[in-house]
Amino acid sequence: MTASETTAAHPQRRVGTFTLGMVLVAAGIGMLLSLLWPQMEIGWLLKASPLILIALGVETLLSARGGGKVKYDWLGMLLCFLLVGAGLVFYAAAWAYENGEYFQACDCSRYANETSYRMSYDYFNGFDSHTLRLEKGDALAGRIETYSGWLEVEVSDEDGETILEGSPLNGDQSVEIAKTGDYTVLVHGRKAGGEFTFERVPAGGGLPEEVLPADPGNPEETA
């Protein structure tokens, strides 16, 4: 059998075409499922992106083992480059989605004034902060209740000195204020659910019995 007859019996295909077909089918199925079930977590689609590189590698190895039935030309190389690029881009998006450092999302109610900072959230991913005016001898009392994810809190004075830091913090917190000034409470949540409050307790006033009242009054801002 001549080379031309062999080619006719076993038509050549470009490397990457099989992987491309699988990626298109998987992406279409994922989009269809997300439309039929809007509550479905679609992050797993991004997390599956390394399968693009695995499938392309397996296709290349099998084609080499099969006697060169796959065509390697500039179009095939371009297709491989696009698939590898797409896999790397989707991986970077999956990493960012998982680590949550570059996404700011919050489903919460927020109350803040000069002496109190409170937030209740079903989902908090990102950063938020508020500045409280505290007097020497006061205490900064806080309570953090986290039932999902984690919450990191940092309290610093107007000179930038950190007086409270923790990752994650949970339960009651109390910090004695050594000097009068503005104190910034910075919170960083990662897919967190729960609530927290920080408020001024005047000198000699004693810690409040309940730092998370059911009715916060007139909120400064609600998100």
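Q: How much space lies in the largest pocket?
A: About 440 Å³. This is a predicted model, where local features need pLDDT of at least 70 and side-chain atom pairs count only at pLDDT 80 or more, while totals for chains, interfaces and linings use all residues. Residues are numbered from 1 along each chain as its sequence is written, and side-chain values use heavy atoms, leaving out hydrogens and water.

Q: What counts as a pocket?
A: On a 1 Å grid over the protein atoms alone, a pocket is an open set of points with protein on both sides within 12 Å along at least five of seven lines, whereas a cavity is a set of points where a 1.4 Å probe fits but cannot get out. Grid points are joined across faces, edges and corners, and the volume is the space filled by probe spheres set on the points.

Q: OK, how many residues line the largest pocket?
A: There are 17, with Val23, Ala26, Ala27, Leu45 and Ala48 nearest its centre. A lining residue has an atom within 4 Å of a point.

Q: Which helices supply at least two residues each?
A: Helix H2 (17-36), helix H3 (43-47) and helix H4 (50-65) do. H2 gives the largest share, eight residues. Helices here are DSSP runs (H or I, at least four residues), strands are E runs of at least two, and both are numbered from the N terminus.

Q: How does the lining divide into nonpolar, polar and charged?
A: It has 14 nonpolar, three polar and no charged residues. Ala, Val, Leu, Ile, Met, Phe, Trp, Tyr, Cys and Pro count as nonpolar, Asp, Glu, Lys and Arg as charged, and the others, Gly among them, as polar.

Q: Switching topic: which residues make the nonpolar surface patch?
A: Trp74, Leu75, Leu78, Phe81 and Leu82 make a patch of about 580 Å². Patch residues have over 30% relative accessible area and no salt bridge; nonpolar side chains (Val, Leu, Ile, Met, Phe, Trp, Tyr) are joined within 5 Å, and like charges within 9 Å. Areas come from the Shrake-Rupley method with a 1.4 Å probe, and for residues only the protein chains shown count as cover.

Q: Is Phe81 buried or exposed?
A: Phe81 is exposed, with a relative accessible area of 60%, and it lies in helix H5 (residues 74-99). Buried means under 20%, exposed over 50%, and partly exposed in between (1.4 Å probe, protein chains only).

Q: And salt bridges, how many are there in the whole structure?
A: Seven. Each one is a side-chain nitrogen of Lys or Arg within 4 Å of a carboxyl oxygen of Asp or Glu.

Q: What does Asp138 pair with?
A: Asp138 meets Arg200 in a salt bridge at 2.6 Å, N to O. Asp138 lies in the loop between S4 and strand S5 (139-156) and Arg200 in strand S8, so the pair ties together parts 62 residues apart in sequence. Asp138 is buried at 2% relative accessibility, while Arg200 is partly exposed at 29%.

Q: What about Asp128?
A: Asp128 forms a salt bridge with Arg110, their closest N and O atoms being 2.8 Å apart. That links strand S4 to strand S3 (residues 105-112), 18 residues apart. Arg110 counts as buried, at 7% relative accessibility.

Q: Last one: what's up with phi in Lys191?
A: It's near 50°, a positive value in a residue other than glycine. Lys191 sits in strand S8 (residues 181-201) and is partly exposed at 27% relative accessibility.
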